[in-house]
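Here are my notes on this one, jotted down as I went through it. Have the viewer open while you read.

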Amino acid sequence: MSSPAFLSPLFVYDQQKTTPEQGFFPRAQLFDGVDVEIGFGLGEFLVRQACAHSNRYFIGVEQIWERIYKTLKRIQRAQPYPNNISLVALDATVLFEWLIAPRTIDRIYCLFPCPWPKKKHIKHRLFSRNFLKLLNNRLRLNGTIQLVTDDEAYFQWVREETKEVGFEVETRMVGPRFATKFERKWTCAGQEMFFEMVMTKRDHQEVAIKKGEPVKAYTIDKRFNPQGMTFRDVVGGEITLVFKQWLFDARYQRGEALILVAEPGMEQYVRVAVIKKEEGWRICRARGQRFFPTDGVARAIEEVYRQIATEAGQEG
Ligand SMILES: C[S@@+](CC[C@H](N)C(=O)[O-])C[C@H]1O[C@@H](n2cnc3c(N)ncnc32)[C@H](O)[C@@H]1O
């Protein structure tokens, strides 16, 4: 059997076609269970697991595109082709918050997560109490998280974070046995034992799946000069908006602002349309794009409206 297209395992988010209730990974329902690997790196463990357990479905989440690309190549080379893997190019928090329904996952793996050893970087660490609560909610009862790290201080920190978030925790020292890039890195540097933690879900925690709100549209009934319009970035708060481009087509009386929306755990590019209508200028999401309808996106559209309203002398 020939393998499907190179990019087939890559998950594509389309909020307009799928809802959390329908499930963002519909193929997963055809399998006996669902496992997730966080930060799969070069995909060595993920692809081996998927090949060894063809009755289960594997979702891998990773942020670095070069590593995702190498994993796609690894999947393509695997014999027989594993048709039970989805790769998600997102922050793991976004995956679990928006795309995975409560009580649907059996096992979560994370091998050698970034330990962020400096004190001022602790806020970047995954496996904080809040993240563990989120994972607890998405796991089935008795589902597990297996975490392996080379870093003792990080291990102790996670151990503290696991308190009162519904897990029974077992810890032990293990030798190298996952054959991943980072395990090899530490083994070559002389480390012979690693810290393993297995968290088993015993009590359920409530964390709702994020859905966002339908994004609002605005109308301005005053005159403004779209050709001369310049937008100011919004910086300093939880949400940052960087205006990358403003294009205006005089013939169709239609403009589009391209905005980088950065907010905790997520960065997205959003296009906001400004279109001349009989009743005035309509400001709304541009057609044909996919994004998570976050507070940042709502703010971006509102900001285009406010800045045009100010330019036009209308209260924004
Ligand atoms: C130290 S590497 C370990 C990679 C692999 N597990 C291994 O053992 O070789 C940690 C990986 O986690 C990924 N990562 C870190 N934070 C992440 C997050 N919030 N969501 C998804 N992946 C993340 C990094 O991009 C990196 O590839």
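**Notes on the model**

1. The centres of domain 1 and domain 2, taken over C-alpha atoms, are 37 Å apart. Domain 1 covers 26-201 and domain 2 covers 218-312, with bounds from an automatic or database domain assignment.

2. Some housekeeping: this is a predicted model, where local features need pLDDT of at least 70, side-chain atom pairs count only at pLDDT 80 or more, and totals for chains, interfaces and linings use all residues. Residues are numbered from 1 along each chain as its sequence is written.

3. Overall, the C-alpha trace spans about 70 × 50 × 40 Å along its principal axes. There are seven helices and twelve strands, taken as DSSP runs (H or I, at least four residues, for helices; E, at least two, for strands) and numbered from the N terminus. Of the 316 residues, 30% count as buried, meaning 20 or more other C-beta atoms, placed from the backbone, lie within 10 Å of the residue's own.

4. Now the ligand. It has 20 residues around it, and G39, G41, A92, T180 and F182 come nearest; "around" here is a C-beta atom, placed from the backbone, within 6 Å. The shell divides into eleven nonpolar, four polar and five charged residues, with Gly counted as polar and Asp, Glu, Lys and Arg as charged. Helix α6 (residues 181-188) gives the most to this shell, with three residues.

5. Have a look at helix α4 (residues 129-138), where L132, L134, L135, N136, N137 and R138 are buried. What do the buried residues of α4 pack against? Their partners are α3 (92-99), α5 (152-161), and the strands β4 (105-111), β5 (139-149), β6 (167-174) and β7 (194-201), with contact meaning C-beta atoms, placed from the backbone, within 7 Å.

6. Five strands form an open antiparallel sheet in the order β8-β12-β11-β10-β9, where pairing takes at least two DSSP bridges between strands. β8 (218-220) and β9 sit at the edges, each pairing on one side only. From one strand to the next, the twist averages 20 degrees.

7. Within that sheet, nine bridges join β9 (residues 240-249) to β10 (residues 254-263), and F243 has I259 as its bridge partner. The hairpin has four residues between these strands, and Q253 takes a positive phi near 50 degrees. β11 (residues 266-277) and β12 (residues 280-285) are joined by six bridges; V272 is partnered with R285.

8. Finally, helix α7 (residues 295-312) lies across β8, β9, β10, β11 and β12, at about 40 degrees to β11. That angle is between N-to-C directions, on a scale from 0 to 180 degrees, using lines fitted to C-alpha atoms.

How values were computed:
Buried ≥ 20, exposed ≤ 12 C-beta atoms within 10 Å, placed from the backbone. Contact = placed C-beta atoms within 7 Å.
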